Amino acid sequence: MATVQDLPQIRGVKNIPLLEGYTSGHRTCQGCESALVMRLMIKAAGPRSIVLGSTGCMYVANTTYYSTPWVVPWMHTQLGSSGSAATGTAAALSSMMRKGKMKQEPINVIAFCGDGGGVDMGLSAISAALQHEEYNLLILCYDNESYANTDIQASGSTPWGANTTFSPPGKVHRIMNNRWKKNTAPMLATGHPNVRYVATACGSYGLDFTNKVRRALTIGGPTFIHSINPCPKGWDFDPKYSHELGMLAVETGLWVQYEIIDGELTLNGASRAIARGMRKRKPVEEYLIRQGRFAHLIPEDIALFQSKVDETWEKWWIPGLIPFRVKDEE
Ligand SMILES: Cc1ncc(C[n+]2csc(CCOP(=O)(O)OP(=O)(O)O)c2C)c(N)n1
Ligand code: SF4
Ligand SMILES: [Mg+2]
């Protein structure tokens, strides 16, 4: 296994690197948190990094003809291929270094994908990448809860009830998306014994985010981070509230912040305070009513939504992570 870079944890926001690897030249919407995640990710990783991006907003809006915000080497890869692109790049680097065609040095390999590209279409390639413990790579799923780039179609990560172009509320059927969001990070963590690091994250917590990227890049082997990213266009809210909505996703208990390192789970931030009873979960309504995609929900829908979130905290084996219950044999 190639060695990893020395990327110490960042103590305090003032120490977040000034380096900009993702700079001007992109065309993402105002208030796009996915773009913020790209910027933070490469700040944490530093210049000796290769970034691979699967098709989606972070490819299309980022790279119009002859224009790109990436200052580091960057390559577009097919929608379901973040896992294979990451494995292939890490394998190529390893081979070139072994043959003496490149200087021996640790180079970060980071492949990002959207929820469509990662939670749905590219799940098998991510699974394969996470079995190759000989390669150091990070797969970062930026989750804006829809196939945003092609005009907001529902994905396996879209919340129940959300209005998307695949699930528009009508006069006869108000709720067209009846699926609950996939539980992606725990699925990948429990199913891949070779993986030493899996985490959830949110761009609203910048320091936490950058440090998670650094832990993922320095632990060795394949790693996965799932990040929730408010999308003003798809979620239908004023761009100035992106940051607040990211925090509300965590504070309502809808999105749980944690890391699983070498098989040990640590909740962090507001999620940990909630789990320890030091902080109350905010009502999920506070989050839902801020977004046009939920404007058609009536009180009983919001109550159902709340009951589902309560269930994940009160009835799941591990709150917010593992939905199984141990059957009482008595
Ligand atoms: C195999 C394949 N099917 C469909 C498309 C069309 N397409 C391009 S981007 C995109 C949406 C991707 O969604 P996601 O991965 O969530 O990224 P986002 O656009 O939300 O950032 C789709 C369906 C494609 N490029 N390739
Ligand atoms: S549609 Fe959403 S994810 Fe795509 S660029 Fe706009 S805000 Fe960002
Ligand atoms: Mg998406």
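Q: Which of the 17 residues around ligand 1 come nearest?
A: This is a predicted model, and in it Gly56, Gly114, Gly116, Ala148 and Asn149 come nearest to ligand 1. Two or more shell residues are given by each of α2 (57-60), β3 (108-114) and α4 (115-121).

Q: Which element gives the most to that ligand 1 shell?
A: That's α4, with three residues.

Q: And how do the residues of the ligand 1 shell divide into nonpolar, polar and charged?
A: Six are nonpolar, 10 are polar and one is charged.

Q: OK, ligand 2 then. What is it surrounded by?
A: The shell around ligand 2 holds Thr28, Cys29, Cys32, Ser34, Cys57, Ala61, Asn144, Ala148, Cys231, Pro232, Lys233 and Gly234. By type, seven of these residues are nonpolar, four are polar and one is charged.

Q: Which helix gives the most to the shell around ligand 2?
A: Helix α8, residues 232-236, with three residues.

Q: Is aspartate 236 buried, exposed or partly exposed?
A: Partly exposed, because it has 16 C-beta neighbours inside 10 Å.

Q: Where is aspartate 151, and what is its phi near?
A: Aspartate 151 sits in the loop between β4 and α6. Its phi is near 90°, again a positive value in a residue other than glycine. Aspartate 151 is exposed, with 12 other C-beta atoms within 10 Å.

Q: Switching to the fold. How many helices and strands are there in the protein?
A: There are 12 helices and eight strands.

Q: In what order do the eight strands form the sheet?
A: The order is β2-β1-β3-β4-β6-β5-β7-β8, in an open sheet with mixed pairing. At the edges stand β2 (74-77) and β8 (264-267); each has a single partner strand, so one side of each has no neighbour in the sheet. From one strand to the next, the twist averages 20°.

Q: How many bridges join β1 to β2?
A: Four, and the two strands run parallel. Strand β1 covers residues 49-54, and serine 54 stands opposite threonine 77 in β2.

Q: What about β3, how many bridges does it have with β1 and with β4?
A: β1 and β3 pair over five bridges in the parallel sense; one bridge partner there is alanine 111 in β3, for leucine 52. β3 and β4 are also joined by five bridges and run parallel, and phenylalanine 112 has leucine 140 in β4 as its bridge partner.

Q: Is β3 enclosed or open?
A: Largely enclosed by the rest of the structure, because seven of its seven residues are buried. On one side the buried residues are Asn108, Ile110, Phe112 and Gly114; on the other they are Val109, Ala111 and Cys113.

Q: Which strands does helix α3 lie across?
A: Helix α3 (residues 82-98) lies across β1, β2, β3 and β4 (137-143), and it runs at about 170° to β3. Helix α7 (residues 206-218) packs on the sheet too, touching β3, β4, β5 (197-202), β6 (222-228) and β7 (258-261). The direction of α7 makes about 165° with that of β5.

Q: Which residues of α6 are buried?
A: In α6 (residues 184-191), the buried ones are Thr184, Ala185, Pro186, Leu188 and Ala189. Their cover includes α4, α5 (123-129), β5, β6 and β7.

Q: Where does methionine 41 sit, and what is it in contact with?
A: Methionine 41 is in helix α1 (residues 33-45). Leaving aside neighbours within four places in sequence, its contacts are Ile110, Leu140 and Val213. Methionine 41 counts as buried because it has 29 C-beta neighbours inside 10 Å.

Q: Last one, the overall picture: what is the radius of gyration?
A: The protein has 20 Å, which agrees with the value near 20 Å for a compact globule of 330 residues. Along its principal axes the C-alpha trace spans about 65 × 55 × 40 Å, and 48% of the residues count as buried. Among contacts between residues at least 6 apart in sequence, 69% join residues at least 24 apart.

Key:
Residues are numbered from 1 along each chain as its sequence is written. Chains are lettered from A and ligands numbered from 1 in the order in which they are written. This is a predicted model: local features need pLDDT of at least 70, side-chain atom pairs count only at pLDDT 80 or more; totals for chains, interfaces and linings use all residues. A residue is near a molecule or strand if its C-beta atom, placed from the backbone, lies within 6 Å of it. Ala, Val, Leu, Ile, Met, Phe, Trp, Tyr, Cys and Pro count as nonpolar, Asp, Glu, Lys and Arg as charged, and the others, Gly among them, as polar. Two strands pair if DSSP finds at least two bridges between them. Axes are lines fitted to C-alpha atoms, for helices over the stretch in contact, and angles run from 0 to 180 degrees between N-to-C directions. Two residues are in contact if their C-beta atoms, placed from the backbone, lie within 7 Å. The radius of gyration is taken over C-alpha atoms; the globule rule is 2.2 Å times the number of residues to the power 0.38. A residue is buried if 20 or more other C-beta atoms lie within 10 Å of its own, exposed if 12 or fewer, and partly exposed in between; C-beta atoms are placed from the backbone.
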